[in-house]
Amino acid sequence: MKKIFPQGDGNAAAAGSKALPRRQGDMPQSFPGFLVAHCGDPASWIYSDQKCDGINNCGDCSDELSPVTVCPPCGPGWWRCPSTVFKYCSCIPRSLCRDHVQHCSDWSDEYSCPGP
């Protein structure tokens with residue numbers, strides 16, 4: 001089982017949000033099942049509290065998108081759009097809206113999003 005480390009973890013690659021896969025069997029056998037969530041790649045896992053947090057923790061967005069995960073709609077501080085930023089999946093922080101940089105493939109973050 002591979003563990004996908006979140007941004008900021010001491011074991012993560014220098015790039016920050018890039019996932020660092022672990023070898024199969026790295027998941028402690030003593031973990032209760034509710035603490036672990038599986039990614040789209042069955043050999044990869046994250047901690048359950050990383051599901052639906054708006055961040056692409058699995059590297060394939062399976063922790064944010066169905067059919068693997070069912071997440072609630074974007075929260076009030078987020079804008080729903082097809083993201084162009086690898087770190088996000090289907091919502092971006094509203095702080096990225098109207099900053100003259102494309103974060104959504106449809107440019108809605110620059111033309112439709114009301115901003116922060």
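Visitor: Which residue has its side chain joined to that of Ser-108 by a polar contact of 2.8 Å?

Guide: Asp-106 is the partner; its side chain and that of Ser-108 are joined at 2.8 Å. The model is predicted, so local features need pLDDT of at least 70 and side-chain atom pairs pLDDT 80 or more, while totals for chains, interfaces and linings use all residues. Numbering starts from 1 along each chain as its sequence is written, and side-chain values use heavy atoms, without hydrogens or water.

A polar contact is a pair of N or O atoms within 3.5 Å; within protein, one must be able to donate a hydrogen and the other to accept it, and residues adjacent in sequence count only if both atoms are side-chain atoms. Ser-108 makes a further one through its side chain, to the side chain of Trp-79, at 3.0 Å. Ser-108 counts as buried because its relative accessibility is 8% (buried is under 20% relative accessible area, exposed over 50%, partly exposed in between, with a 1.4 Å probe and protein chains only). Leaving out residues up to four places away in sequence, Ser-108 touches Trp-79, Cys-81 and Cys-113 (contact means heavy atoms within 4.5 Å).

Ser-108 sits in helix H1, residues 108-111. The chain has one helix and five strands (DSSP runs numbered from the N terminus, helices H or I of at least four residues, strands E of at least two). The order from the N terminus is β-β-β-β-β-α. UniProt, in an unreviewed entry, lists residues 72-111 as "domain: LDLRAD1-like C-terminal". That span, 72-111, is 10% helix and 15% strand, and its end C-alpha atoms lie 24 Å apart.

Now the disulfides. The count is six (a disulfide is a pair of cysteine sulfur atoms within 2.5 Å). Counting bonded cysteines along the chain, the pattern reads 1-3, 2-5, 4-8, 6-9, 7-11, 10-12.

One of these links Cys-39 and Cys-58, with sulfur atoms 2.0 Å apart. The torsion about its S-S bond is -75 degrees, and the link of Cys-39 and Cys-58 is left-handed. This pair connects distant parts of the chain, 19 residues apart: Cys-39 is in the loop between strand E2 (36-38) and strand E3 (44-47), Cys-58 in the loop between E3 and strand E4 (78-80). Both Cys-39 and Cys-58 are buried.

Cys-52 is joined to Cys-71, S to S 2.0 Å. This disulfide of Cys-52 and Cys-71 is left-handed, because the torsion about its S-S bond is about -85 degrees. Cys-52 and Cys-71 both lie in the loop between E3 and E4, so the pair ties together parts 19 residues apart in sequence. Cys-52 is partly exposed, at 31% relative accessible area. Cys-71 is partly exposed too, at 23%.

Cys-74 is joined to Cys-91, S to S 1.7 Å. The link of Cys-74 and Cys-91 is left-handed, with -75 degrees about the S-S bond. Cys-74 lies in the loop between E3 and E4 and Cys-91 in strand E5 (residues 91-93), so the pair ties together parts 17 residues apart in sequence. Cys-91 counts as buried because its relative accessibility is 10%.

Last, the whole chain. Of its 116 residues, 35% count as buried. Among contacts between residues at least 6 apart in sequence, 28% join residues at least 24 apart.

Technical notes
UniProt positions are given in the numbering used here, feature names are shortened, and annotations may be inferred rather than shown by experiment.
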